[in-house]
Amino acid sequence: MGFYKTPFLSPRHTRLQNLAGTGSGFRVDIDIPADDWSNVTQFYDVLVFNTGHWWGYDKFPEDLPLVFYKQGRPVWPPLSIREGLAAVLKSMLEFIDDSVPATVLKVWRLQSPRHFHGGEWNQNGSCSSSDLLSSTQVEEWFDPANGGVNREEREVNDVIRSALNGHHGFVLLDVAKISEFRADAHPSLWLGGKDTHLVWGQDCLHWCLPGLPDTWVDMLVDVVLKHVQSAQ
């Protein structure tokens with residue numbers, strides 16, 4: 001088993017200045033798979049891909065955006081961060097189709113949700129509830145039409161689902177739907193007092209272990225077992 005961390009799937013360069021007249025930003029080559037994972041696609045029997053949380057406007061605002069390149073030149077007109085994600089996914093999926101043996105199980109894990117309430121992670125957002133969200137609350141928190149700070153998960157996952165259309169060799173591992181209810185499953189509530197976020201913010205992005213990610217593992221194991229059984 002191996003773990004290869006490349007948040008954008010493509011290489012992301014260090015901060016550059018005056019990128020083709022766009023000002024400061026971070027260059028991302030949409031047509032180049034990152035070496036971290038692209039060199040090992042024929043080594044494993046199971047490959048699990050995911051990307052998501054780094055494709056957020058909170059991490060790359062308008063004054064310090066991701067600047068997308070193709071064939072060594074900046075894409076013009078500039079792509080938005082969601083358009084850039086779609087372009088990267090298109091290129092990476094084409095590479096995967098060409099380079100991964102047909103016998104390999106390919107799984108794409110959707111992005112998991114965040115549960116910030118009352119503001120973004122850097123605006124005193126918190127997750128202080130020990131209760132699950134109701135179905136009504138889930139829609140209030142995550143429906144992009146409501147403009148909440150947690151809408152990113154559904155927006156990004158819609159781009160991923162759209163990109164995967166036509167790539168029938170993938171199994172989609174949807175961890176998002178069940179996870180949206182679990183506002184209680186992040187570390188901050190269990191690491192300090194209820195008002196901890198007023199001092200240094202809360203972690204409403206990562207998950208407690210043991211905890212909900214163990215259920216994701218069970219879901220993945222089920223997918224792998226079904227793949228093995230079908231190959232026998």
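To start with a question: is D222 buried, partly exposed or exposed? The answer is partly exposed, since its relative accessibility is 38%. For the cut-offs, buried is under 20% relative accessible area, exposed is over 50%, and partly exposed is in between, with a 1.4 Å probe and protein chains only.

Before going on, the ground rules. This is a predicted model, where local features need pLDDT of at least 70 and side-chain atom pairs count only at pLDDT 80 or more, while totals for chains, interfaces and linings use all residues. Residues are numbered from 1 along each chain as its sequence is written, and side-chain values use heavy atoms, with hydrogens and water left out.

Back to D222. Its side chain meets that of K226 in a salt bridge, at 3.2 Å from N to O. By salt bridge I mean a side-chain nitrogen of Lys or Arg within 4 Å of a carboxyl oxygen of Asp or Glu. D222 and K226 are about one helical turn apart, because they sit 4 residues from each other in helix α8, residues 212-231. K226 is exposed, at 53% relative accessibility. Helices here are DSSP runs of H or I with at least four residues, strands are runs of E with at least two, and both are numbered from the N terminus.

The structure holds 11 salt bridges. Another one joins E155 and R82, with the closest N and O atoms 2.9 Å apart. E155 is in helix α4 (residues 152-164) and R82 in helix α2 (residues 81-99), so this pair ties together parts 73 residues apart in sequence. R82 is buried at 15% relative accessible area, and E155 is partly exposed at 23%. R151 joins R82 and E155 in a network of salt bridges. R27 and D29 also pair, at 3.1 Å from N to O, and D29 is buried, with a relative accessible area of 2%.

Next, pockets. On a 1 Å grid over the protein atoms alone, a pocket is an open set of points where a 1.4 Å probe fits, with protein on both sides within 12 Å along at least five of seven lines; lining residues have an atom within 4 Å of a point. Points are joined across faces, edges and corners, and volume is the space filled by probe spheres set on them.

The largest pocket has about 1,500 Å³ of space. It is lined by 37 residues, and F3, Y4, V48, N50 and R109 lie nearest its centre. Helix α8 gives the most to this lining, 7 residues. The lining has 23 nonpolar, 10 polar and 4 charged residues. Nonpolar means Ala, Val, Leu, Ile, Met, Phe, Trp, Tyr, Cys and Pro; charged means Asp, Glu, Lys and Arg; the others, Gly among them, are polar.

The second largest pocket has about 270 Å³. Strand β4, residues 66-70, supplies the largest share, 3 residues.

Last, the sheet. It is open, with 3 strands in the order β3-β6-β7 and parallel pairing. Strands pair if DSSP finds at least two bridges between them. β3 and β7 (170-173) are the edge strands. Strand β6, residues 105-109, is joined to β7 by 4 bridges. R109, mentioned among the residues nearest the centre of the largest pocket, has L173 in β7 as its bridge partner.
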